[in-house]
Amino acid sequence: MIFLEIQNISTEALIKGYEMKQERYQCLFCGESYHLDEVFPYDERFLTAEGMIKKHIERAHISSFHALLALDKKVSGLSDVQIEMMQHFFEGKTDQEIVNDSNVSSVSTVRQHRFKLREKEKQAKIFVALMQLMKNPEHYQIHKGARQVDERYSIEQKEREKVLTTYFKNGLDAGIETIPSKEKKKLIILQHILKRFEEGKHYHEKEVNEILKTVHDDFVSLRRHLIEYGFMERNDDGSEYWVKK
């Protein structure tokens with residue numbers, strides 16, 4: 001069972017099987033975690049927190065692949081046959097070996113399953129892209145000439161000040177108790193948070209986390225929102241972040 005909410009987990013984290021959460025590397029499948037500032041004895045040597053979480057996944061779950069494949073079918077969306085075929089494919093078996101080791105009756109049927117899984121992968125990529133585009137505020141254009149995200153929502157200064165005062169109860173440099181669910185309020189909060197970053201400067205993920213922790217404990221969601229709503233960008237491996245010009 002996935003330990004964290006699936007919508008809050010990136011594809012990269014699912015592949016690794018763990019994620020950084022409050023300065024701890026945490027297993028996505030059971031919640032086991034190791035603090036970033038500690039080292040751990042293992043097999044007559046010492047491992048970092050990340051090295052230890054990798055060993056944990058290997059010992060407790062075999063691999064991220066096995067743990068993901070073991071998820072409830074309602075979560076994975078896979079049928080029993082697809083789960084069985086993916087296990088065989090992961091093990092690198094030939095089509096004939098799969099016929100010998102399963103209930104599939106012919107090599108052509110195995111090849112058909114391979115084809116269907118590749119098609120499912122393509123469809124999944126398109127679906128994810130569509131979902132990301134729906135979340136992107138660029139499509140909320142109310143005024144065609146608008147150059148700022150808040151202009152697309154026709155946010156007036158009084159409304160912005162009211163939202164900020166409501167959420168930043170202890171001052172605009174303090175934190176908030178909850179992250180608003182409504183798009184308009186969320187954009188106002190994110191735009192204000194962006195002031196805590198320097199334009200043109202590249203930040204490591206840990207630095208971004210430390211800054212966002214001053215806003216709310218759920219810094220992972222804040223970091224994701226800043227990317228999804230186009231306020232910040234990051235490189236492919238997620239190791240560096242910067243304010244989007």
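Which residues does histidine 216 touch, not counting residues up to four places away in sequence? Histidine 216 touches Ile176, Glu177, Thr178, Ile179 and Leu222. The structure is a predicted model. Its protein chain contains 12 helices and 8 strands, and 37% of its 245 residues count as buried. Among the contacts in the chain with a separation of 6 or more, 45% are accounted for by residues 24 or more positions apart.

- Histidine 216 is located in the loop that lies between α11 (205–213) and α12 (219–228).
- Because its relative accessible area is 17%, and buried means under 20%, histidine 216 is classed as buried.
- A polar atom of the histidine 216 side chain lies 3.0 Å from the backbone oxygen of glutamate 177.

**The packing of α11 and α12**

- Two packed helices are described by the angle between their axes and the distance between those axes.
- For α11 and α12, the angle is about 110° and the axes are 9 Å apart.
- The angle therefore makes α11 roughly perpendicular to α12.
- The crossing of α11 and α12 is right-handed.

**Isoleucine 211 in helix α11**

- Isoleucine 211 belongs to helix α11.
- Its relative accessibility is 18%, so isoleucine 211 counts as buried.
- Leaving aside neighbours within four places in sequence, isoleucine 211 is in contact with Arg196, Phe197 and Tyr203.
- The C-alpha atoms of isoleucine 211 and arginine 223 are separated by 10.0 Å, and these two residues are 12 residues apart along the chain.

**The sheet of β1, β2 and β3**

- Strands of a sheet pair through backbone hydrogen bonds, in either a parallel or an antiparallel arrangement.
- An open sheet of 3 strands is found here, with antiparallel pairing and the order β1-β2-β3.
- The edges are formed by β1 (18–21) and β3 (33–35); each has a single partner strand, so one side of each is left without a neighbour in the sheet.
- From one strand to the next, the twist averages 20°.
- Strand β2 (residues 24–27) pairs with β3 in the antiparallel sense over 3 bridges.
- Tyrosine 25 has tyrosine 34, in β3, as its bridge partner.
- Helix α2 (residues 49–61) lies across β1, β2 and β3, and runs at about 10° to β2.

**Two loop residues with positive phi**

- Glutamine 22 is placed in the loop between β1 and β2.
- The phi angle of glutamine 22 is near 50°, which is a positive value in a residue other than glycine.
- Glutamine 22 counts as partly exposed, because its relative accessibility is 47%.
- Aspartate 43 lies in the loop between β4 (39–42) and β5 (45–48).
- For aspartate 43, phi is near 50°, again a positive value in a residue other than glycine.
- Aspartate 43 has a relative accessible area of 61% and is therefore exposed.

How values were computed
Residues are numbered from 1 along each chain as its sequence is written. This is a predicted model: local features need pLDDT of at least 70, side-chain atom pairs count only at pLDDT 80 or more; totals for chains, interfaces and linings use all residues. Side-chain values use heavy atoms; hydrogens and water are left out. Helices (H or I, at least four residues) and strands (E, at least two) are DSSP runs, numbered from the N terminus. Buried means under 20% relative accessible area, exposed over 50%, partly exposed in between (1.4 Å probe, protein chains only). A polar contact is a pair of N or O atoms within 3.5 Å; within protein, one must be able to donate a hydrogen and the other to accept it, and residues adjacent in sequence count only if both atoms are side-chain atoms. Contact means heavy atoms within 4.5 Å. Two strands pair if DSSP finds at least two bridges between them. Axes are lines fitted to C-alpha atoms, for helices over the stretch in contact, and angles run from 0 to 180 degrees between N-to-C directions. Angles under 35 degrees count as roughly parallel, over 145 as roughly antiparallel, 65 to 115 as roughly perpendicular and the rest as oblique. A crossing is left-handed if the near helix is turned anticlockwise from the far one by less than a right angle, and right-handed if clockwise.
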